[in-house]
Amino acid sequence: MGESNEDIDQMFSNLLGEMDLLTQSLGVDTLPPPDPKPPRAEFNYSVGFKDLNESLNALEDQDLDALMADLVADISEAEQRTIQAQKESSQNQRPPASLEMPDFSGAGALGYGANVAAVSVSHYENDLPPPPADPMVDLPPPPPPPKPLSQEEEAAQAKADKIKLALEKLKEAKVKKLVVKVHMNDNSTKSLMVDERQLTRDVLDNLFEKTHCDCNVDWCLYEIYTELQIERIFEDHENVVEVLSDWTRDTENKVLFLEKEEKYAVFKNPQNFYLDNKGKKDGKKDGKETNEKMNAKNKESLLEESFCGSSIIVPELEGALYLKEDGKKSWKRRYFLLRASGIYYVPKGKTKTSRDLACFIQFKNVNIYYGIQCKMRYKAPTDYCFVLKHPQIQKESQYIKYLCCDDARTLNQWVMGIRIAKYGKTLFDNYQRAVERAGLASRWTNLGPASAAPPSTGLKAGTTQANGQIPQAVHSVSAVLEEAQRHAETAKDKKPAFGNHDPGAPRAHQLPKSSLPPPPPVRRSSDVCGSPATVPRAKGPRGGFPAPPDDSLPPPPPPPPLEDDELPPPPPDFNDGPPDFVPPPPPSFAGEAGSQLPPPPPPPPAPAPEAPKPPPVGVKRPPAPPKRKENPGPPGGGGSGEQDFMSDLMKALQKKRGNMS
Amino acid sequence: MAGMKTATGDYIDSSWELRVFVGEEDPEAESVTLRVTGESHIGGVLLKIVEEIKRKQDWSDHAIWWEQKKQWLLQTHWTLDKYGILADARLFFGPQHRPIILRLPNRRALRLRASFSQPLFQAVAAICRLLSIRHPEELSLLRAPEKKEKKKKDKEPEEELYDLTKVVLAGGVAPALFRGMPAHFSDSAQTEACYHMLSRPQPPPDPALLQRLPRPSSLLDKTQLHSRWLDSSRCLMQQGITAGDMLWLRFKYYSFFDLDPKTDPVRLTQLYEQARWDVLLEETDCTEEEMMVFAALQYHINKLSQSGEVGEPTGTDPGLDDLDAALNNLEVKLEGSAATDVLDNLTTIPELKDYLRIFRPRKLTLKGYRQHWVVFKETTLSYYKSQDEAPGDPIQQLNLKGCEVVPDVNVSGQKFCIKLLVPSPEGMSEVYLRCQDEKQYAHWMAGCRLASKGRTMADSSYPSEVQAILAFLSLQRTGGGGSGGHPQGPDAAAEGLNPYGLVAPRFQRKFKAKQLTPRILEAHQNVAQLSLSEAQLRFIQAWQSLPDFGISYIVVRFKGSRKDEILGIANNRLIRIDLAVGDVVKTWRFSNMRQWNVNWDIRQVAIEFDEHINVAFSCVSASCRIVHEYIGGYIFLSTRERARGEELDEDLFLQLTGGHEAF
């Protein structure tokens with residue numbers, strides 16, 4: 001603890017230095033009058049807790065630390081972005097928009113960064129006036145190129161439109177955070193902070209970090225609706241905050257972190273989903289045998305065929321299911337079919353040809369859940385039920401559809417089939433990423449304790465629509481291309497092999513039968529294309545070590561010396577620090593706040609992190625700096641009358657500290 | 001040289017006379033007679049013929065066709081003996097490239113020169129190169145169906161025939177782009193028009209035509225098309241095609257490699273057209289919901305191509321570019337004096353406020369629509385008793401994010417309703433908004449739609465959304481009563497579009513046009529933001545995800561079976577289908593296939609799969625060569641890879657699909 005206290009002080013001084021810089025940079029700008037209206041109410045919201053205090057108290061010391069680290073990271077990130085933004089906006093002045101700008105280029109990053117700055121500032125500096133409503137003005141306007149008036153008139157309207165667009169986008173990028181209580185396998189819970197931009201994948205990575213589990217692909221976030229008795233797996237690309245904000249405040253719903261082999265079952269044994277029907281028709285025994293026998297190569301080619309083509313293939317699924325009648329506890333047996341466009345049923349007296357089918361439901365506005373104990377609750381014929389409902393519906397309603405299957409196998413096929421139809425190729429992409437992550441984790445455990453995988457900023461979130469449905473055409477093009485590219489890469493490697501086969505084959509369709517395992521015609525061809533199928537490639541030579549770009553784990557470098565103009569970008573993610581990273585107290589008294597509260601030991605303009613180190617170097621447990629105690633009390637004088645999150649956080653932190661010492 | 005004579009005129013060498021007709025196979029054709037020996041080389045014979053004809057002309061494309069053997073004599077270093085030619089051989093000295101009329105996937109006709117001497121595979125590759133369609137291995141030619149006796153004589157108007165016979169393509173080199181099209185198209189206005197025809201989607205067909213065109217009514221009907229495929233390994237001449245014949249160009253193998261809107265405008269468009277006709281003519285069945293999506297995409301594609309917005313947005317992300325520009329502009333603005341005003345203007349999100357009539361269906365209420373003051377701000381709809389109470393608490397507030405928006409419109413009845421299904425924790429609540437007129441409806445409807453996606457009316461797409469709705473309403477007004485009788489020229493404006501041209505004929509019978517329009521409109525809102533090529537791609541993808549997509553049907557008789565059955569061939573599997581019921585009996589996947597053999601004598605195909613599963617069948621509706629070629633073709637296509645891009649392993653293709661056939 002003592003060590004961390006020392007760290008805290010150092011961090012604190014660093015933080016102050018950074019804050020100061022930030023405010024300085026703000027000071028340069030023309031600050032518009034503070035906007036009195038919208039305090040960010042949502043920030044107080046936490047999921048899985050009755051109220052905020054509870055949630056904060058529930059945060060373990062460690063978590064609090066992490067939380068603080070998160071916040072600190074935000075600041076440095078924001079700072080970096082702001083600076084980058086400045087640079088870029090000045091770049092943008094040059095007439096030819098340079099196309100080779102780095103990744104962060106473009107106003108997307110710029111606006112985003114500016115916004116982050118605004119938000120985080122508002123949270124930390126209670127005593128400061130709320131940030132400008134419009135983050136745009138954070139940008140110091142570099143001298144604009146002089147423009148002839150005549151042009152302006154003409155372009156005025158266009159400009160206005162564009163600015164509108166820009167502001168709209170910036171507003172959309174408001175960053176919101178939730179404290180989420182996650183239930184673990186062992187009945188314990190963990191609280192963690194989830195930021196609006198984080199996808200399930202990021203949260204899982206975070207949890208991997210905290211739990212030191214084996215990181216295999218089956219780990220998932222799992223939501224349980226206690227009241228409705230339904231549950232489902234979070235898809236890795238879903239935005240966690242978005243899903244959780246559909247819950248009501250007094251909800252009994254829970255988020256779990258556990259292993260579910262159903263999550264990616266289709267990618268492990270695609271034959272169970274894609275080839276099952278045919279197996280059944282031959283007689284159950286026969287079908288099962290062939291299914292289990294399917295070798296890895298065939299699985300790969302089946303997956304490639306189903307998910308890597310120009311459009312994905314939804315498993316052919318049809319059969320009689322029981323449908324719960326609206327508002328009643330009676331169940332009706334109907335013949336249902338799954339198509340890419342939705343679930344259909346065969347109306348009475350009709351055949352199952354496409355033209356006769358009636359649409360039962362389309363997937364755009366519904367999520368798929370497993371029903372729990374429907375037999376007892378709704379008198380379902382079996383307990384193998386699945387449920388379709390709009391994610392926002394939280395109470396019993398006639399708009400929730402219950403379907404019941406004969407056995408578990410059928411249930412799993414339907415649920416997976418519907419997920420494939422709804423999410424398309426994204427599901428496969430998620431899986432590949434999970435595999436990469438799992439491979440990475442196993443690699444890192446050999447090298448030492450993994451440090452935190454930084455949450456990717458969730459830039460992808462933009463592609464998902466309201467309900468997590470992926471607009472297929474739009475992004476699949478690039479996805480397909482990408483896939484094809486990789487395909488080509490591996491294929492290149494395999495080329496020689498193909499050459500070997502080729503000249504020998506005398507007449508293509510009459511295959512050489514000499515060798516014991518005769519290369520079947522297709523195999524021969526698939527030597528080129530099929531066999532290096534994509535999935536496990538991630539594990540293989542290619543995916544083995546190289547970390548996915550955003551998973552790079554640089555050791556957190558010491559805060560760089562701060563200079564006015566040129567800031568070397570801070571480490572990509574500050575919260576990457578060692579797990580026992582101790583957060584510094586929040587900088588709620590930086591900058592102008594200094595008038596009310598004495599500044600902390602390090603003077604605001606901290607050029608070097610080392611300099612302000614408090615005297616008690618040798619002492620392991622320095623007393624907490626005095627103002628730490630003063631600070632948490634008043635909830636900040638600023639315009640916000642409501643309970644402030646940061647001060648609560650501080651209080652909780654304080655309490656813990658107090659208990660310790 | 002052959003033809004040495006004594007003084008008396010007797011030939012002293014073993015030479016003999018060879019008669020060669022000049023021109024295409026026409027018994028009346030002029031002929032030349034040459035003196036040759038068995039040792040004469042074909043090249044020498046050719047020279048002699050040209051000398052004999054004594055006409056100045058480019059003969060380079062000419063070669064000798066041996067009629068009895070159905071064979072071109074293309075090996076100029078071979079001797080007559082080696083070919084086995086005797087004096088009784090009927091030989092024709094004619095051009096290797098001859099004009100044919102091609103019926104393209106978009107149903108337009110195009111005249112061009114095709115090779116009559118190369119294997120069809122190469123001839124198609126050359127045609128595709130001319131049309132700038134990549135991956136010619138996916139396409140092939142079919143014989144045109146035989147015309148039934150014409151009941152209505154000269155009813156059909158003379159159609160426009162595009163002509164590319166004069167265009168010569170530099171061999172080997174990929175055509176360079178010039179003025180946005182392959183250089184060889186930019187020669188004349190005619191060829192340019194031809195390129196537009198190739199690369200832009202055609203307007204929807206006349207509904208009456210759609211009614212008239214033959215549609216398959218059963219699986220058996222669907223097998224007929226596949227009996228007409230030409231043989232890839234033999235040349236056109238060998239397959240009895242003569243100059244000027246009509247042939248269909250179609251995508252034969254449903255495995256489309258590397259579709260790229262940037263490099264493939266013609267390919268994408270033609271594929272879209274084939275998919276569109278496939279859906280419209282019910283070759284591939286779809287459900288009602290799917291048909292509405294197809295119709296909406298067609299409407300959207302047609303609108304874009306009519307309005308000439310063919311050019312794709314350049315740059316990576318228009319949004320980002322805009323933002324860039326916006327930031328620049330903002331800085332400019334901030335410098336100016338009116339900064340705050342401007343910002344105020346820009347940051348306020350437009351609102352809608354008006355008196356609307358609202359209806360909330362509830363159990364046991366008979367109340368109808370009641371007038372309310374409604375305020376629509378951001379994504380939230382609030383309504384009040386009257387305008388005066390607006391500052392206070394609303395009667396109800398609905399957040400439209402994630403809601404379902406359904407139009408309920410009848411233009412002729414002046415009914416403009418918006419049905420909202422708003423999700424809430426308790427379930428969905430149903431609300432109807434009734435607007436007074438089209439204009440009001442369009443604004444509120446566009447707002448609702450954006451709100452359901454979580455966006456506000458400040459979104460840049462709002463004005464265009466309003467316009468789209470107005471356009472669609474006017475469509476309903478003009479096309480509403482149409483029963484499909486009006487002939488529609490190719491340049492009919494989008495506004496006058498008849499919704500019946502967008503759906504398969506069975507929906508023409510099922511729905512009235514005014515019922516159809518709102519449903520298409522509803523589906524359209526999900527695709528309205530797509531660009532032309534994105535929309536085409538989306539159409540193709542939706543087509544590909546139909547369960548019956550890409551299956552070629554052939555009537556076969558399985559060994560040991562007493563009745564005919566259907567064999568379906570898809571890109572990854574063979575399907576045995578019951579002829580009468582249409583049920584799938586059994587599926588075999590190509591990935592489990594070990595070998596297949598064709599016994600040409602008894603016309604039987606035998607296939608061996610893993611685990612000693614053997615299947616044999618004889619082909620009824622098409623020759624077994626067509627089945628063989630389909631299987632081999634799909635195997636070939638699965639070997640493709642991007643690295644080898646342009647060059648096509650033709651030998652492998654011919655190995656996989658060729659074979660002997662007893663003549």
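**Close-up views of a two-chain model**

Figure 1. The UniProt record, an unreviewed entry, places "domain: Ras-associating" at residues 176-263 of chain A. The model shown here is predicted. Over residues 176-263 of chain A, 19% of the chain is helix and 35% is strand. Residues 314-423 of chain A are 19% helix and 35% strand. Here the end C-alpha atoms lie 10 Å apart.

**Figure 2. The seven-stranded open sheet of chain B.** The strand order is 23-22-21-20-26-25-24, and the pairing is antiparallel. Which strands stand at the edges? They are strand 23 and strand 24 (593-599) of chain B. Each has a single partner strand, so one side of each has no neighbour in the sheet. From one strand to the next, the twist averages 30 degrees. Helix 16 (residues 624-637) of chain B packs on this sheet. The helix touches strand 20 (552-558), strand 21 (565-569), strand 22 (573-577), strand 24, strand 25 and strand 26 of chain B. The direction of helix 16 makes about 155 degrees with that of strand 24 of chain B.

**Figure 3. Strands 25 and 26 of chain B, with K586(B) in strand 23.** Six bridges link strand 25 (residues 604-609) and strand 26 (residues 613-619) of chain B in the antiparallel sense. E608(B) sits opposite N614(B) of strand 26 of chain B. K586(B) belongs to strand 23 (residues 584-589) of chain B. Is K586(B) buried, partly exposed or exposed? Its relative accessible area is 23%, so K586(B) is partly exposed. I100(B) is 486 residues from K586(B) along the chain, and their C-alpha atoms are separated by 41 Å.

**Figure 4. The five-stranded open sheet of chain B.** The order is 8-12-6-7-9, with mixed pairing. Strand 8 (139-143) and strand 9 (161-163) of chain B are the edge strands, and each pairs on one side only. Neighbouring strands are turned by 40 degrees against each other on average, direction ignored. Three bridges join strand 6 (residues 97-103) of chain B to strand 12 (residues 246-251) of chain B, in the parallel sense. I101(B) has M246(B), in strand 12 of chain B, as its bridge partner. Helix 3 (residues 120-131) of chain B packs on the sheet. It touches strand 6, strand 7 (109-115), strand 8 and strand 12 of chain B. The direction of helix 3 makes about 110 degrees with that of strand 8 of chain B.

Figure 5. Strand 17 (residues 404-410) and strand 18 of chain B run antiparallel, joined by seven bridges. V406(B) is bridged to K419(B) in strand 18 of chain B. Four residues separate strand 17 and strand 18 of chain B in their hairpin. Q414(B), in that turn, has a positive phi of about 50 degrees. Strand 18 and strand 19 of chain B pair antiparallel over nine bridges. L421(B) stands opposite E430(B) of strand 19 of chain B. This hairpin has two residues between its strands. Why is strand 18 (residues 415-424) of chain B largely enclosed by the rest of the structure? Eight of its 10 residues are buried.

**Figure 6. Contacts of S429(B).** S429(B) lies in strand 19 (residues 427-435) of chain B. Its relative accessibility is 16%, so S429(B) counts as buried. Leaving aside residues up to four places away in sequence, S429(B) touches R360(B), L398(B), L420(B), L421(B) and V422(B).

**Figure 7. Nonpolar cores.** The largest nonpolar core has 151 residues, and L420(B) and W543(B) touch the most other members. Another core, of 52 residues, lies apart from it and includes A265(A), I343(A), F360(A) and F386(A). Residues up to four places away in sequence aside, W543(B) touches Y254(B), F256(B), L271(B), A275(B), D278(B), V279(B), T284(B), F294(B) and F549(B).

**Figure 8. Cysteines without a disulfide.** A search of the whole structure finds zero disulfides over all chains. For C405(A), the nearest cysteine sulfur is that of C404(A), 6.5 Å away. C405(A) counts as buried, at 0% relative accessibility.

Conventions: Residues numbered from 1 in each chain as written. Chains lettered and ligands numbered in written order. Predicted model: local features only at pLDDT ≥ 70, side-chain atom pairs only at ≥ 80, totals over all residues. Heavy atoms only, no water. Buried < 20%, exposed > 50% of the residue type's maximum accessible area, 1.4 Å probe, protein only. Contact = heavy atoms within 4.5 Å. UniProt positions renumbered as here; feature names shortened; annotations may be inferred. Core = buried A, V, L, I, M, F, W, Y, C linked by side-chain atoms within 4.5 Å. Disulfide = S-S within 2.5 Å. Pairing = 2+ DSSP bridges. Axes fitted to C-alpha atoms, helices over the stretch in contact; angles between N-to-C directions.
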